[in-house]
Amino acid sequence: MADAHETTQAKLLWLRELRDKAMHAGSERAVQKRREQGRLLARERAEKLCDPGSFVELDRYVRHRESSFGMMDRRPYGDAVVTGYGTIFGRKVFLFSQDFTVFGGSLSEVFAEKVCKVMDMAVKYGCPLIGINDSGGARIQEGVVSLAGYAEIFWRNVQASGVVPQISLVMGPCAGGAVYSPAITDFVFMVEGSSYMFITGPDVVKTVTGEEVTFEELGGAATHAAKSGVAHFIAADEEACLEDARYLLSFLPQNNLDKVPFTTPSDPSDREDAELDTLIPDNPNKPYDMHDVIRRVLDDGEFLEVHERWAENIVCGFARLGGRAVGVVGNQPHSLAGVLDIDASDKAARFVRTCDAFNIPLVTFVDVPGFLPGTTQEWGGIIRHGAKLLYAYAEATVPKLTVITRKAYGGAYDVMSSKHIRGDYNVAWPSAEIAVMGPEGAVNVIYRDEIAKAKDPDLRRTQLVAEYVARFANPYVAAARGYLDDVIEPRETRPRLVAALRSLANKRDANPRRKHGNIPL
């Protein structure tokens, strides 16, 4: 008995030593460097992302293959990635966290196998998947095997798309082919000053194009948040990034078959806001901030904006309405008069499709003068890009609520969740103007000859504009046709939308059976 006890104790001691090795796979020097940079380690990131004490690690004793070129004497446990599952606000998630202290976080065959395993589990169990990226790229010593590993991950990203939410946290370098996994996922977070994404680094760019550019300018968080639109969210530091990701998940369901999260609202559903009655300027060309409308209508003024710094002429984000999570889209008169251009169309189309994939109702606030004219936009494909937004709204089967606050001109009126593309509840404020184009442009087209022949062309033009405004610069023509369900006082917007959303809770709608549509990419 004593010998058996001693044997058991020896095994336990060996297990503890082995576990300690797996917990500290990176070299002391590499770990110390991360500490000096104020960076969290891979396992710490996973634990902080999850609810306290909930993270369960998987495959901590996996080691890379002995066949790796020149690596036989360096086989740390766990390789260069930490994988597992935990809970966020009590809801299960699966995740992986790349470990830069082990071979620079480079991807090997077993690294990819670990990641693919948790990806498969996330889909199988219907849970969100979160990837924390911090890697130098493919492990050169494993050659094409590491490239095959990336492809296996990419394939799973595509299969999981629209099935479970996929979130990427870029918390270090992410370069070359590795960038395409985050690019396929639903949301990308970056950290200012410490995370980078690019296909080729500054040295290669200089060699090929002659351009001299820094890491930050080429692929830093600010660049991807404001210029490329690759990053949906950026954070000041790592802990803020992890907390922001947790907050985002509070608006998302577990999977595409799950209902959106519901939180008992503290904000009364019948609350009216009299300040909305005077929010729209009397001058139709004077801007206002659509954020003021959104925050006054939705629960507690709470709004998580997506792509806040990119394509600012349209606003997208998550909020709650009567306790239910909703996706919000709104033209922004404060930027480019709220016009739709290439980037705004792409931004909103992607957001609308994400919401539709995960059963999140859409609330759209419309103040759009049309599509941006000019050769830059036409040659850049505004027709194709604008069609993406039209396609996204027309394809969406979730409840769609639309409020026209002011201008809704031309084809942009149709595109912005109009009744004609199956908007469920469409209302307008008395300040709404629904027409083919603005009064000045319309009069110049319709009455060109009459104005030219008038004794006083300017006076006649002014008279005709006034007549056009009296006829079309109001929502009642559209309401008379049934294109609007009602014209409401602005102060009534919140209770009206809450009531409409409740009535649409069991909406059933479907698109024709097909393999998939062919969105104009």
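Colleague: Where does Val445 lie?
Modeller: Val445 is in helix α16, residues 439-446. Helices here are DSSP runs of H or I with at least four residues, strands are runs of E with at least two, and both are numbered from the N terminus.

Colleague: Is Val445 buried, exposed or partly exposed?
Modeller: Val445 is partly exposed, at 48% relative accessibility. Buried means under 20% relative accessible area, exposed means over 50%, and partly exposed is in between, with a 1.4 Å probe and protein chains only.

Colleague: How far apart are the C-alpha atoms of Val445 and Leu276?
Modeller: They are separated by 34 Å. Along the chain the two are 169 residues apart.

Colleague: What are the ground rules for the numbers?
Modeller: This is a predicted model, in which local features need pLDDT of at least 70 and side-chain atom pairs count only at pLDDT 80 or more, while totals for chains, interfaces and linings use all residues. Residues are numbered from 1 along each chain as its sequence is written, and side-chain values use heavy atoms, with hydrogens and water left out.

Colleague: Now the whole chain. How many helices and strands?
Modeller: The protein chain has 20 helices and 17 strands. Its C-alpha atoms fill a box of roughly 110 × 55 × 45 Å along the principal axes.

Colleague: What share of the residues is buried?
Modeller: Of the 521 residues in the protein chain, 52% are buried. The accessible surface is about 24,600 Å², and carbon and sulfur atoms hold 54% of that surface. Those areas come from the Shrake-Rupley method with a 1.4 Å probe; for residues, only the protein chains shown count as cover.

Colleague: And what share of the contacts joins residues 24 or more positions apart?
Modeller: It is 73% of the contacts with a separation of 6 or more. A contact means heavy atoms within 4.5 Å.

Colleague: Switching to cysteines. How many disulfides?
Modeller: The count is 0, taking a disulfide as a pair of cysteine sulfur atoms within 2.5 Å. For Cys116, the nearest cysteine sulfur belongs to Cys174, 16 Å away. For Cys127, the nearest is that of Cys50, at 12 Å.

Colleague: Are those two buried or exposed?
Modeller: Cys116 is buried, with 8% relative accessibility. Cys127 is buried as well, at 5%.

Colleague: Cys116 is one of the buried residues of α4. What does that helix pack against?
Modeller: The buried residues of α4 pack against β1 (56-58), β2 (81-88), β3 (91-98), β4 (129-133), α5 (144-160) and β5 (166-170). Among those buried residues are Phe111, Lys114, Val115 and Met119.

Colleague: What is the span of α4?
Modeller: α4 covers residues 109-125 and reaches 24 Å from first C-alpha to last. Gly126 follows α4 with a positive phi near 65°.

Colleague: Which residues other than glycine have a positive phi?
Modeller: Phe89 is one of them, at about 55°. Leu336 is another, near 55°. Most residues other than glycine have a negative phi.

Colleague: Where do they lie?
Modeller: Phe89 lies in the loop between β2 and β3 and is partly exposed at 47%. Leu336 lies in the loop between β12 and α12 and is exposed at 52%.

Colleague: Ser335 lies in that loop too. What does Ser335 touch?
Modeller: Ser335 touches Glu312 and Asn313, leaving aside residues up to four places away in sequence. Ser335 counts as buried, at 17% relative accessibility.

Colleague: Last one. Where is Pro399?
Modeller: Pro399 is in the loop between α14 (382-395) and β14 (400-409). It is buried, at 12%.

Key
Expected span 1.5 Å × (residues − 1).
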